[in-house]
Amino acid sequence: MAHGRSNGSDMLPVLVVHGGAGHVPEEYQQSVLAGVRAAVREGYAILQGQGSAMDAVVAAVTLLENNPSFNAGLGSVLNAKGDVEMDAIVMDGRDLTSGAVSAVKRLANPVQLARLVMDKTIHLCLTGEGANQFAREMGVPEVPEESLITDYSRMRWKKNLAPDANLVESLMGKMGTVGAVAVDAMGNIACATSTGGLPNKMEGRVGDTACIGCGGYADNKVGAASPTGHGEAIMKVVLARLILFHMEQGCSTEVAADKALAYMKERVGGVGGVVVVDPQGGWSARFSSRQMVWAAGQQNTLHFGLHAGEHFTQSTDDPN
Ligand code: ASP
């Protein structure tokens, strides 16, 4: 787990991403670490070029959705019927505008549709067929269902059909949901989160990721958080907003995240993780799950880790 302390505006811009709370099998650990580092390089380059926090988080999450090692976009888990249904959210801390989609099908990049909901509609969240209809109106191409499904997600789905399967344990048994938070050079803050959800979930299940304050929250006055973990638990404690509440009370990103994660564990038995930023460029990647793969870019340094207490660094110019 990691955090960076803020000490002035030279700490901006900053971007932090995660690739899901849980337990990543050894054979996938290098690929998920490479995935989050690539996502930070992509988003951080946008911030270094004076791009917006919103553009950076959407670019980073898009790259992770396209990576089959994560439970978002390509590689999403399957629902009980064996279909992919995805949730995504974005939020702009300048004016608290947000856009989300839930239970969308046959889209490569749900996070981009969430952004269109924010930019082009008067609504905050579109769901199911209505969201897919909106995608068609916006000219977003649909992809074949099969093109989002990996051998791994199908194998996992079959395993979870067993009557004694524990879906929450299964969620924690693999790399997961993806998310990003950023503060740009202007001090604007944004977040984005995207997921295939809970493995073998009921058809039509909407998780935390599509719900403002649960799967993401961004406010220029306070900071931003992108959570991952058991969605039903995250929703019960409104995790992202709870973290920002603790920050409003004076807590650092790290203390706020730890307090909120501890509360979720005590109160509803939920485990998860979160990436958090504050307006000064302070940031944290914290989790109560066994692992959470994360990476951050700040002051030309790329920070990353997977296991508790791990914190590696390299130059953002290092291509690997
Ligand atoms: N929070 C997501 C959900 O429950 C899953 C995850 O973060 O891995 O849909």
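Ala, Val, Leu, Ile, Met, Phe, Trp, Tyr, Cys and Pro count here as nonpolar, Asp, Glu, Lys and Arg as charged, and the others, Gly among them, as polar. This is a predicted model, where local features need pLDDT of at least 70 and side-chain atom pairs count only at pLDDT 80 or more, while totals for chains, interfaces and linings use all residues. Residues are numbered from 1 along each chain as its sequence is written, and side-chain values use heavy atoms, with hydrogens and water left out.

**View 1. The shell around the ligand holds 10 residues.** The closest are Thr177, Arg205, Asp208, Thr228 and Gly229. Sorted by class, the shell comes out as six polar, two charged and two nonpolar residues.

View 2. Look for the side chain of Arg205, with an N or O atom 2.8 Å from a ligand oxygen. Thr228 brings a polar side-chain atom to 2.7 Å from an oxygen of the ligand. Gly231 uses its backbone instead, with an N or O atom 2.9 Å from a ligand oxygen. Taken alone, the ligand exposes 270 Å², and the protein buries 100% of that (areas by the Shrake-Rupley method with a 1.4 Å probe).

**View 3. Two backbone spots are worth a look.** Leu12 and Pro13 are joined by a cis peptide bond, with omega at about 0 degrees. Pro13 belongs to the loop between E1 and strand E2 (14-22). Gln50 isn't a glycine, yet its phi is positive, near 70 degrees. You'll find Gln50 in the loop between helix H1 (26-48) and helix H2 (53-65). Helices (H or I, at least four residues) and strands (E, at least two) are DSSP runs, numbered from the N terminus.

**View 4. This one is about pLDDT, the predictor's confidence in each residue, from 0 to 100.** The chain averages 94, and 95% of its residues reach 70 or more.

Note on methods. A residue is near a molecule or strand if one of its heavy atoms lies within 4 Å of it. A polar contact is a pair of N or O atoms within 3.5 Å; within protein, one must be able to donate a hydrogen and the other to accept it, and residues adjacent in sequence count only if both atoms are side-chain atoms.
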